[in-house]
There are 2 protein chains.
Amino acid sequence: MKAWEKNIRKVVPYVPGEQPKVDDIVKLNTNENPYPPAKGVSRALLEFDSNELKLYPDPTIEELKSTLAEYYGVNVNEVFVGVGSDDVLAMAFLTFFNSDKPILFPDITYSFYPVWADLYKIPYECPKLDENFMMVKEDYYKENGGIIFPNPNAPTAICNDLGFIEDIVKNNQESVVIVDEAYVDFGGESAIELTKKYENLLVVQTFSKSRSMAGMRIGYAIGSKDLIKAMEDVKYSFNSYTMNMTAIKSGVEAVKDDEYFKETKKKIVTTRENTAKSLKALGFDMTDSKANFLFVTHKKYAARDIYEYLRTKHIFVRYFNLPRIDNYLRITIGTDEQMEKLIKALEEYCEKAVSTS
Amino acid sequence: MKAWEKNIRKVVPYVPGEQPKVDDIVKLNTNENPYPPAKGVSRALLEFDSNELKLYPDPTIEELKSTLAEYYGVNVNEVFVGVGSDDVLAMAFLTFFNSDKPILFPDITYSFYPVWADLYKIPYECPKLDENFMMVKEDYYKENGGIIFPNPNAPTAICNDLGFIEDIVKNNQESVVIVDEAYVDFGGESAIELTKKYENLLVVQTFSKSRSMAGMRIGYAIGSKDLIKAMEDVKYSFNSYTMNMTAIKSGVEAVKDDEYFKETKKKIVTTRENTAKSLKALGFDMTDSKANFLFVTHKKYAARDIYEYLRTKHIFVRYFNLPRIDNYLRITIGTDEQMEKLIKALEEYCEKAVSTS
């Protein structure tokens, strides 16, 4: 090791997710939306005057914040916007989790929570989901430095109702509770309403799934003005300009087209339910998904084998080689056509497996 | 204070820079480029297929990195790209400055250095610029946990030559040395060449000034593959997707149009030299600027008074109420027309000041 290398931060190197470059692939591995963004997004980009780019963007992101505030029926000072919900969540960890007590999040959940905790030297504990992958709310009634969980959870797809969320918040008035609602638009109930009642509740959402804008990197948080001010203060203190002009302008248009938003969500939910039925007919078990993906396991065949087989057919789903979930697959809901290809490939797999067993 | 507020990170709240909303202003306060970005930028946005936005952007940012690598004659694994140079610099602090020894940067310099150091709990020391605002290279020959300085420095506008930079790097083979070249394209010499000789040297640049793209948030770093890999590992470990698709595509086009780039830089340098002459004729002293701004002081009139007067004329320049530089103004180089308005207003100010004294 060279002398100057000894002060470099050591991390576990990340291997970027598969972005296969073949043309005919069915990409069901990163929970993207199969439909394009609202038409206004395309219009906003077409009409954008690139001459404006010479100036810095509005650091307060007022236009997008006020559009979101109006849509969700909150005040503009109750909205925070960032470069994807990863940016928003990382900022929330940095702002709110400064206790010596451990923060709490489920043992099976979004893989970046322990990463951000380590990054900011935040101690954490991970209550176990029960044998049906359900959160046990009483596990979150002990002393803690903060709480975070996704609802629906990922990759389990399981959603808790608002009563469950409220119980956790009510029992944790001394901590900040963060509900990560990346997938809530596909059948869950948002806790945004509860932010009006509980000043210590922060709800985080994203444009990457239900608004078909993963490529634009927009996430946001909604909470009491005190929570939002604390996040803004931290953000401004070290990076004033984060959202570029095209993200701000196109984000506004995506929110404005509520009809298209509802229509797209509905299509995905319908496809999900049909896919679930077909998979069950093939012998798959699954959790009750309220997300844009299914979390499935097969009675007879190993998840890893199915995953490998689908790859050979250019169908990409997600396999996690992790304790408790290493016999599960996470399958993104695509178009009906994509899901038919998946089902067809799985039918072939099951037939083949039968004939060779 | 409410119970849940006690674990919130305390920061000095930031007051966003003036973004005056009147129409006829002359905005010379944030070092933006007065000219539009290259034509290819506008074309890239017009031709962008917003349907692509449903997918995540390429996390490796390969297209933009390889374009920059080709332009600067380095390898693609020697380039890091981020959301503006603030993002790149913050990531570099996090990655490289993990020693218990203090990092070193000048007492008068970019205001975010101490902020990032505090954020990541990095100790620091600030050698004083001499009475002419020059860095004293021997001040950087002592034990340290890393070194960072802008070249040209901001807000002093003073540039050091490559021999000076190389001496500092040569004398600090046990640390990472970062040269922040936000303003280097306006007359300075880039240290990128030196990165081929010194594995511990990182050079950071931005699209916000010389490429007229402050509104798009693009910054980058060039250094040895070991330095870049360390930054990428840290970045990927907690936020995989940072650059949105429009930033990647328009950034590529900006780099490709070298002719326009050179033409714009030349115009700004010419305007700077003419403005400097006019200001000297009005009794201003100034440093030798190699940036897109001038750092000026008047023999007779207080900087603060001039600043306030210009505001009343809707001309915005930057005043820092800080030790040693509180009688200076930082004036961005705009178009010839904008600078003529500035000079005219200053002529009026000087006449008025004479007649009322």
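**Exercise 1. Describe the interface of chain B and chain A****.**

Solution. Chain B and chain A bury about 7000 Å² between them, and 59% of this area is on carbon and sulfur atoms. Buried area is the accessible area (1.4 Å probe) that two parts lose on being put together, summed over both. The structure is a predicted model, in which local features need pLDDT of at least 70, side-chain atom pairs count only at pLDDT 80 or more, and totals for chains, interfaces and linings use all residues. Residues are numbered from 1 along each chain as its sequence is written, chains are lettered from A and ligands numbered from 1 in the order in which they are written, and side-chain values use heavy atoms, with hydrogens and water left out.

The next step concerns the residues. The contact (heavy atoms within 4.5 Å) takes 82 residues from chain A and 82 residues from chain B.

The salt bridges follow. Such a bridge is a side-chain nitrogen of Lys or Arg within 4 Å of a carboxyl oxygen of Asp or Glu. The rule finds 4 salt bridges across the interface; one of the pairs joined by a salt bridge is B:Lys2 and A:Asp226, at 3.1 Å from N to O. Helices (H or I, at least four residues) and strands (E, at least two) are DSSP runs, numbered from the N terminus.

**Exercise 2. State how the length of helix 8 of chain B relates to the expected span, and which of its residues are buried****.**

Solution. Helix 8 (residues 258-281) has 24 residues and reaches 35 Å from its first C-alpha to its last, close to the 34 Å expected at 1.5 Å a residue. The expected span is 1.5 Å times one less than the number of residues.

The buried residues (under 20% relative accessible area; exposed is over 50%, partly exposed in between; 1.4 Å probe, protein chains only) include B:Phe261, B:Thr264, B:Lys265 and B:Ile268. An α-helix has 3.6 residues a turn, so residues three or four places apart point the same way. After the helix comes B:Gly283, with a positive phi near 95°.
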